[in-house]
Amino acid sequence: MSLLTSELIERSDEFAAILKEVRSLQAHPASSGRILLIRGPAGIGKTRLLKELQLVSREAGMTVVSARASHFEGDFAYGVAHQLFDAMARTASQDLWDGPAAEARKLFISSGNASDVSSGDFALLNGLFWLTVNICHNNPMVMVIDDLQWCDIPTLRYLQYLTARLDDLRILIGVSLRAGERKTDEALIKSILSRSFVRSIEPTSLTLQGTTRLLGLTLSSKVDAEFSATCHEITAGNPLFVRQLARTLVAEHIDTNKGGVERLREIGPRAVAKLVASRLQNVPVTALDLARAIAILGDGAELSCVLALTERDDVAMSDISLLEQGEIVHAEDDGALKKVSFVHPLVRSAVYEAIPLAEQVRLHYRAARLLVEAGAPREQAARHLLQVPPSHDSFIIETLRAASNDAMQAGSPEAALNYLKRTLNEVTEEAEYKDLLVEIGSLATLVDMASAAAYLGRALNFVTDNVARARISFLLGIVLNYTHHVDEALKVLEDAEATLSDDQTDLKARVQSYILNTTIVEPNHAISPERYDYLRDAAGSYRTVGQRLLGCSLAFHEMRTSDRRAVSRAQLALGDNHLIDEAPGEAPAVSAWVVLIAADRPEVMCILDSAIARGRRYGAIRDLAPAFAFRALAWLYQGYLTEAESDAKEAFRAIDAAGVDTGRAWTAPIMAEALAEMGRMDEAAAALEWACIPEPLPEQGNYWLVLESKAKLARLRGDYEEALANALLSGRYATSAAIDNPALCGWRSEAALALHLLGRKTEAQELSEQDLHSARQWGSPRALGRSLRVAGLNLGGRRGVDMLSASVDLLKDSPARLEYATALASLGALFRRLRRPSAARPLLREAWEIANSCSAVWLTETVRAELAAAGESPCSVPNDGKAFLTPSEHRIALMAVDGLTNRQIAQRLYVTPKTVEVHLSSVYRKLNISGRRDLSEVMSAPERPG
């Protein structure tokens with residue numbers, strides 16, 4: 001039994017739920033992690049329940065880490081993570097930093113400044129995840145975070161990353177969330193708390209009996225019934241308000257019998273702030289100064305720093321005791337350090353707001369000085385300087401700039417931007433002011449595009465040098481494009497191009513690459529043939545990064561119209577992976593990836609693997625989003641549906657975490673198509689909803705892929721009219737963007753299939769012939785094979801057999817396995833309908849086998865029915881051997897053969913140990929072996945012929 005439970009009033013159900021979660025973690029260590037959410041208004045007892053969770057977890061021998069977020073410190077990057085892990089990091093053995101966790105060590109060891117972290121924010125997130133895995137490895141872990149609504153954004157991203165990977169972690173995460181309070185980041189918190197393994201507790205107000213009991217415990221005396229009822233009425237049964245009111249009664253010497261009721265009504269329903277303020281009037285000035293210093297420094301402040309801030313020599317431990325007895329603060333030992341905190345954020349707010357404004361400013365400035373002198377992380381000092389009005393102070397400028405750099409290194413551009421904005425008010429020199437505007441505008445592109453445009457526009461007013469203006473205009477043009485101000489974007493970019501001389505080859509080509517990229521999806525700004533020839537010449541031999549980016553944009557431009565020159569141009573521009581290091585995640589480079597994917601080029605996988613590897617080690621999360629999204633597309637086109645789903649999930653998470661909404665319209669259809677092929681139609685529809693397509697649709701935009709996916713999903717569900725409507729709408733947007741390549745958007749084939757199923761054969765044939773013409777011009781096996789298949793289905797009879805046979809022959813040796821299986825199934829089904837079952841059966845058997853290995857449930861079931869109609873049971877079709885391993889299964893199997901443990905494999909592949917275990921189980925099943933002992937022999941054996 002917890003020592004605290006004796007004081008818990010009317011919380012037996014809540015305590016039982018806490019105990020159940022702890023015992024479940026203790027009894028079932030192999031189960032997946034969970035989240036326990038305690039939600040309610042301020043003062044209802046959330047913090048108290050979290051303390052119970054900590055206590056019973058420690059009594060059970062579990063590892064417990066805890067933190068309390070504060071709205072005063074929301075800008076401190078990884079502030080909550082520091083609270084969770086700092087103490088452990090100081091005494092941890094080397095085992096705790098094993099593997100990728102070493103990246104997180106840089107945040108907690110040495111100076112504690114984020115500038116010591118040289119990796120990108122993904123590496124740091126993954127490092128924190130593996131630190132958590134290592135902590136959980138030998139002992140169950142309970143992580144407690146109070147007031148999650150105020151948690152800093154980098155820590156929220158870590159929690160999002162962690163909670164998406166709780167597969168087999170022995171962890172319980174307990175969090176509290178204040179109802180009705182503005183959150184640091186609504187979307188991140190929602191993504192963390194909307195998972196299926198979240199259990200919620202919502203404590204209610206105390207009854208009259210509960211209020212009476214709490215008054216009695218707090219006052220250590222019997223309370224009159226009428227007096228108690230009045231207290232209950234005034235406080236509405238809120239436990240914190242009851243306690244604070246009781247302490248005020250003691251401080252103001254009010255009787256707790258019937259005679260004190262009138263005096264109690266005079267006090268009335270005061271806010272906690274007034275109750276606390278009235279009590280502080282009766283404490284010695286030394287205790288008052290102490291409380292104010294703690295309010296300035298914040299919860300968890302070191303007592304030595306608090307004493308230094310008071311600037312008094314006469315503060316004694318008796319003053320701390322006095323504040324503790326009055327339920328204002330509580331002190332705790334953290335190793336060799338003594339730390340002090342307020343009993344509740346509302347109490348801290350009450351003390352802070354009672355400090356005169358001029359004194360607040362003086363104390364915050366002094367606190368910043370003390371923290372810098374003590375070698376504390378500069379962000380801790382910076383948060384105080386944010387409360388200080390401008391004074392053109394060099395100390396403020398230096399500290400805020402350093403804190404901005406630390407925040408940026410730690411993956412918190414939001415905090416970094418706030419520090420720089422505040423710095424802008426301190427500088428007086430025009431040159432420094434101009435440079436700072438550009439720096440703020442550049443940084444704002446990661447956080448708030450609208451403000452980025454405003455700051456960059458202001459910076460242009462101070463710049464006269466052509467090259468400097470062009471650099472700023474280049475960035476401003478990109479920002480305006482992202483914010484859908486296309487006309488303004490093109491004008492700014494074209495002005496920048498015009499001001500640059502030909503000897504500024506790299507910058508000029510960069511500007512031109514984005515001009516071309518913008519015109520690709522904006523039909524009102526199509527470029528002339530003469531302009532295209534000029535840009536092609538400007539790309540030259542792809543010597544500079546800018547010329548390579550321009551080559552990428554040219555390649556995508558050519559690919560839209562099925563011009564085969566696009567492939568060799570993309571290969572040259574992307575050659576030797578130079579752009580992965582020099583222009584990670586930039587839109588023109590990404591467009592060239594699409595060219596190679598659409599052309600079925602095998603080298604694109606190596607390029608995407610390199611982009612993901614580089615992003616994981618050095619890059620930002622937002623740079624990883626397109627790499628994961630388009631590798632998912634490549635997997636989808638090759639028929640590796642589980643791989644496509646896995647990468648699309650990573651892209652979804654990256655887009656959600658980084659707020660890169662422009663990636664939704666590209667990524668959602670990839671996930672939706674993979675899920676639809678796997679027979680998970682409702683999930684596919686949900687993926688398309690995630691795209692957040694506006695309604696009604698704007699006149700222009702890159703909506704063709706989402707609409708094409710909607711058409712396919714409707715067709716698979718049997719709603720052919722809806723399928724046709726979406727396919728034709730997709731075609732309208734594709735045509736508006738001058739896209740006439742079925743490898744990029746196959747709207748004609750999708751519309752033709754819907755028309756065919758609706759019995760409108762003539763219209764279907766017309767569209768399929770148009771699609772086939774463009775597909776022949778482009779020539780990639782997947783797109784041409786699909787066009788041949790759709791044309792064959794529409795024709796039927798002997799001509800249909802010829803078309804479908806041509807599709808099968810073309811796709812047989814291509815990487816497009818699923819399209820090949822679909823062509824086999826279509827040809828087999830046509831043979832069956834032509835009463836040629838002997839010709840149909842081998843085709844259907846092969847189609848079933850491939851579809852099954854692809855996890856293509858919809859096609860598998862379709863072929864199963866065809867096989868049955870052709871007189872054969874699909875159960876006789878084998879499904880084992882190395883040929884049926886997915887790329888991930890094959891990779892993991894080889895790593896297991898090399899002797900790596902599940903844990904080591906997981907670290908290298910950036911997955912959880914549970915994921916490795918699942919993959920190996922699938923490998924054993926497919927290879928018909930019992931475990932690792934047999935794996936080496938099977939994996940080294942030659943493939944079975946035939």
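**Figure 1. Glu311, Glu359, Arg362 and Arg366 form a network of salt bridges in this predicted model.** Arginine 362 is partly exposed, because its relative accessibility is 36%. Glutamate 311 is likewise partly exposed, at 46%.

**Figure 2. Aspartate 299 and arginine 68 are joined by a salt bridge.** The closest N and O atoms of the two residues are 3.0 Å apart. Aspartate 299 is found in the loop between α13 (285–297) and β6 (301–302), and arginine 68 in strand β2 (residues 63–68); the pair, 231 residues apart, connects distant parts of the chain. Arginine 68 has a relative accessible area of 12% and is therefore buried.

**Figure 3. A salt bridge connects arginine 510 and aspartate 506.** The N-to-O distance is 3.5 Å. Both residues belong to helix α25 (residues 505–520); because they are 4 residues apart, about one helical turn separates them. Arginine 510 is buried, with a relative accessible area of 15%, whereas aspartate 506 is partly exposed at 28%.

**Figure 4. Phenylalanine 630 is among the residues with the most contacts inside the largest nonpolar core.** This core has 265 residues, and its largest share, 13 residues, comes from helix α32 (residues 621–638). Leaving aside neighbours within four places in sequence, phenylalanine 630 is in contact with Val590, Trp593, Val594, Ile597, Leu608 and Trp666. Another core, of 19 residues, lies apart from it and includes Phe15, Leu19, Val22 and Leu53.

How values were computed. Residues are numbered from 1 along each chain as its sequence is written. This is a predicted model: local features need pLDDT of at least 70, side-chain atom pairs count only at pLDDT 80 or more; totals for chains, interfaces and linings use all residues. Side-chain values use heavy atoms; hydrogens and water are left out. A nonpolar core is a set of buried Ala, Val, Leu, Ile, Met, Phe, Trp, Tyr and Cys residues joined through side-chain atoms within 4.5 Å. Buried means under 20% relative accessible area, exposed over 50%, partly exposed in between (1.4 Å probe, protein chains only). Helices (H or I, at least four residues) and strands (E, at least two) are DSSP runs, numbered from the N terminus. Contact means heavy atoms within 4.5 Å. A salt bridge is a side-chain nitrogen of Lys or Arg within 4 Å of a carboxyl oxygen of Asp or Glu.
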